[in-house]
Structures are given as C-alpha cells and as structure tokens.
Amino acid sequence: MATIEECRAALEKLSDNMQSAEGDVRTAAALDRSVSCHITDLDVTFVGRLTDGRIVVADTLQGPPPEKAEIRLAVAGDDLVALVDGELNFAKAWGSGRVKLEAGLRDLFRLRKLL
C-alpha cells in the first residue's frame, strides 16, 4: 500500500509533468479549478487548486473531501502511483472503476487529453 508521502510525491510528479507539457496537453492543463484527490485506501484527501498548469496542494485532510471540488479524483494510493508512473492505463482503470474522476462536462473533455 502506498503511503501518504508517496501519494503526495505522485501528485507533485503529475504536476511537474503537466507544467512541462506542450500542445494540447498544455492547453488542457491550463484550467483554473479547485481539485480534490481522495486516496480511498488511506482515507485521506489532498485538496488544492489546478492553476497555471500545476496542481497546488493546499491541505491534506482525513476522510473524504469536506467540500465538493470542481475536479474530483478518487483512487487507491497504489493506483495513483502506477498511473503517474505510466504503469496503469487511465482509461482501463476508469472503465473498471479503479479510478473515479468527476468534473463538469467541458472540464472532462479537456482533462481527457491529460489522462
């Protein structure tokens, strides 16, 4: 099972990857939205903001997110690490229910380029 520190590092790596992206991926990452990432097996939520192509984690909370962020991700810690490391295909993980992503329809269309 991934630790909280490993999950935070995975989010930082994802943020770095988005910041250095080009083309359509860079455009998709240019949203300004509140975000939450609930690590289901640890019952911990990272909350913050996607802004200027980066994920800025403002806080780490016990349990599910207290407020509904504009972009919400729910995933087990090991799956988050595997997704960011390229070892787990997002579409397959999402289709099988291992990953849950919720956002507005327009945001989902933009985010699919990232994932």
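This briefing describes strand pairing, salt bridges and a charged surface patch in one protein structure. The model is predicted: local features need pLDDT of at least 70, side-chain atom pairs count only at pLDDT 80 or more, and totals for chains, interfaces and linings use all residues. Residues are numbered from 1 along each chain as its sequence is written, and side-chain values use heavy atoms, with hydrogens and water left out.

**Strands and hairpins**

- Strand S1 (residues 33-39) and S2 run antiparallel and are joined by 7 bridges; strands are DSSP runs of E with at least two residues, and helices are runs of H or I with at least four, numbered from the N terminus.
- Two strands pair if DSSP finds at least two bridges between them.
- Isoleucine 39 stands opposite valine 44 in S2.
- The hairpin of S1 and S2 has 4 residues between the strands, and aspartate 43 in the turn has a positive phi of about 50°.
- S2 is also joined to strand S3 (residues 54-62), by 8 bridges in an antiparallel arrangement.
- In the hairpin of S2 and S3, 2 residues lie between the strands, and aspartate 52 in the turn has a positive phi of about 55°.
- Strand S2 (residues 44-51) is mostly covered, with 6 of its 8 residues buried; buried means under 20% relative accessible area, exposed over 50%, and partly exposed in between (1.4 Å probe, protein chains only).

**Salt bridges**

- The whole structure contains 6 salt bridges, each defined as a side-chain nitrogen of Lys or Arg within 4 Å of a carboxyl oxygen of Asp or Glu.
- One of them links arginine 49 to aspartate 32, with the closest N and O atoms 3.0 Å apart.
- Because arginine 49 lies in strand S2 and aspartate 32 in the loop between helix H2 (23-29) and S1, this pair ties together parts that are 17 residues apart in sequence.
- Arginine 98 forms a salt bridge with aspartate 79, and their closest N and O atoms are 2.6 Å apart.
- Arginine 98 lies in the loop between helix H4 (90-95) and S5, and aspartate 79 in helix H3, so the pair connects parts 19 residues apart in sequence.
- Aspartate 79 is buried, at 12% relative accessible area, whereas arginine 98 is partly exposed at 42%.

**Surface charge**

- Glu5, Glu6, Asp41 and Asp78 form a negative surface patch; patch residues have over 30% relative accessible area and no salt bridge, and like charges are joined within 9 Å.
- Aspartate 78 belongs to helix H3 (residues 77-84) and is partly exposed, with a relative accessible area of 41%.

Key
Patch = residues over 30% accessible without salt bridge, like charges linked within 9 Å, V, L, I, M, F, W, Y side chains within 5 Å. Areas by Shrake-Rupley, 256 points an atom, 1.4 Å probe, with all protein chains shown as cover. Lys, Arg positive; Asp, Glu negative; His and termini not counted. Charge placed at Lys NZ, Arg CZ, Asp CG, Glu CD.
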